[in-house]
Amino acid sequence: MKYVDEYRKRDLILSIAEKLKTISKKEIVLMEVCGGHTMAIHRFGLNSLLPENIHLISGPGCPVCVSSQHFIDLALAFSRIPGVIITTYGDLIRVPGSSTSLEKERAAGSDIRIIYSVLEAVEIARQNPGKKIIFPGIGFETTAPATGAAIIKARLENVSNFFVLSAHKVMPPVMKALVEDGVKINGFIAPGHVTAITGISAYNDLASLYSLGVVATGFEPVDIMQAVLMLVSQIESGTPKVEVQYRRVINNDGNRIAQKILREVFDYRDDLWRGLGMIPGSGLRITDEFSSFDAEKQFSIEVPRSTEPKGCICGEILRGLKTPVECSLFANKCIPSDPVGACMVSGEGTCATYYKYRS
Amino acid sequence: MCLAIPAKVISVDGASAKVSIEDIEYTASLLLLDDVKPGDFIMLHAGFGIEKVDPVRAAETLELLNEMKKYRTH
């Protein structure tokens with residue numbers, strides 16, 4: 001596949017690994033924020049190609065994993081309202097809430113449909129005027145503009161029975177919060193597709209205030225190895241800065257059309273992250289102008305206080321403090337077909353990735 | 001969740017495009033992009049093109065890496 005195969009070439013990967021060995025001297029810890037990076041690193045065995053003094057740790061970049069238990073419980077409560085159709089990305093359906101999951105609610109008779117694009121939800125709304133269609137919106141800056149575009153389209157086309165329960169989140173505030181929380185890293189392998197939307201200025205503080213290297217990176221093995229090389233070069237020379245490895249996709253200013261949609265449809269709000277708690281300005285709520293599409297405003301539902309699964313260390317894993325193998329539930333009580341915590345549910349959750357590629 | 005796949009644009013019809021990924025055709029929304037033409041590659045994420053792939057910059061990156069590889073084999 002063009003723009004994929006070229007970035008999986010073994011000789012290129014090995015030549016970067018060799019170059020890394022010649023320049024790398026310091027102990028360096030890099031955090032890959034995005035679950036897509038975690039998956040690629042394990043799938044292609046990139047850790048085994050790095051010098052022993054370079055360590056990669058996973059961060060909180062799996063939207064399913066960081067969605068709060070409260071949000072899942074809210075989506076479950078909505079699914080039990082008569083006349084409601086829940087339309088959701090497949091990732092969310094198996095996430096355990098406090099007592100059940102969307103998958104179990106579907107088996108019990110709720111109308112829950114998996115969609116690939118949020119525009120399908122608008123179409124389902126159009127075809128079912130007597131029903132209320134609720135879309136639990138998860139995802140970071142890569143995904144939120146699509147939700148925004150769907151809301152604008154629904155308004156333009158007078159589709160008034162489409163609602164969004166927004167749990168959309170943004171990445172830079174959580175990266176900053178992790179650093180302020182004391183996570184010991186030298187740099188970030190920053191999420192390539194998030195950056196394609198936001199542009200690179202969102203990371204300037206991380207480099208200038210915290211002396212961290214930040215390299216916005218693609219998702220193929222050559223991309224990730226090159227990003228590690230760029231970060232190690234910065235750190236070894238004492239010049240941490242914001243750079244782009246994924247130049248074929250990222251413009252420094254980001255995607256201005258998507259940014260405009262985000263500004264129009266969403267406002268920033270303090271938001272709750274699983275395992276990380278409340279992070280200022282890290283969530284996206286629907287603006288008052290579009291409140292007729294906001295499920296939280298249009299349905300009044302209270303859910304009981306949420307409970308986190310006992311023994312699950314998903315939160316510490318999301319903060320890069322522990323790895324899945326340090327969890328007593330990992331690979332015995334908690335497995336992908338019967339997950340306890342959200343990090344084992346999503347294909348790009350750190351626990352699911354460790355489980356799939358465990359040796 | 002943030003994964004996106006490069007898809008080749010076959011034809012454009014208003015705010016959507018017919019795209020091809022390994023000879024399988026999909027419909028992609030172009031609501032987040034402008035100036036997309038047949039033959040362009042776009043990154044497809046959850047049914048939306050989120051950015052165009054820049055062929056010149058892609059070639060530059062590969063050239064740089066191939067230089068490094070040459071240096072290695074000498």
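In the predicted model, 38% of the 74 residues of chain B count as buried. The chain holds 1 helix and 5 strands. Read from the N terminus, the elements of chain B follow the order β-β-β-β-β-α.

The overall dimensions of chain B were computed next. The radius of gyration of chain B is 15 Å, whereas a compact globule of 74 residues would have a value near 11 Å. The C-alpha trace of chain B extends over about 50 × 25 × 20 Å along its principal axes. Contacts in chain B were also sorted by sequence separation. Among those with a separation of 6 or more, 28% link residues 24 or more positions apart.

Chain A contains an open sheet of 4 strands. Their order is S4-S3-S5-S6, and the pairing is parallel. Strand S4 (111-114) and strand S6 (162-166) of chain A are the edge strands. Each of these two has a single partner strand, so one side of each lacks a neighbour in the sheet. From one strand to the next, the twist averages 25°.

Within this sheet, strand S3 (residues 84-88) of chain A runs parallel to strand S5 (residues 132-137) of chain A. The two are joined by 3 bridges. Val84(A) has Lys132(A) of S5(A) as its bridge partner. A helix also lies against the sheet. Helix H4 (residues 69-79) of chain A lies across S3, S4, S5 and S6 of chain A. The helix H4(A) runs at about 140° to S3(A).

A helix pair in chain A was examined in the same way. Helix H7 (residues 144-156) of chain A packs against helix H12 (residues 256-265) of chain A at an angle of about 65°. The axes of the two helices are 9 Å apart. The crossing of H7(A) and H12(A) is left-handed. On the H7(A) side, the contact is made by Ala144(A), Pro145(A), Gly148(A), Ala149(A), Ile151(A) and Ile152(A). H12(A) contributes Ala258(A), Ile261(A), Leu262(A), Glu264(A) and Val265(A). By class, the contact of H7(A) with H12(A) comprises 9 nonpolar, 1 polar and 1 charged residues.

Key:
Residues numbered from 1 in each chain as written. Chains lettered and ligands numbered in written order. Predicted model: local features only at pLDDT ≥ 70, side-chain atom pairs only at ≥ 80, totals over all residues. Rg over C-alpha atoms; globule rule 2.2 N^0.38 Å. Buried ≥ 20, exposed ≤ 12 C-beta atoms within 10 Å, placed from the backbone. Contact = placed C-beta atoms within 7 Å. Axes fitted to C-alpha atoms, helices over the stretch in contact; angles between N-to-C directions. Left-handed = near helix turned anticlockwise from the far one by under 90°. Nonpolar A, V, L, I, M, F, W, Y, C, P; charged D, E, K, R; others polar. Pairing = 2+ DSSP bridges.
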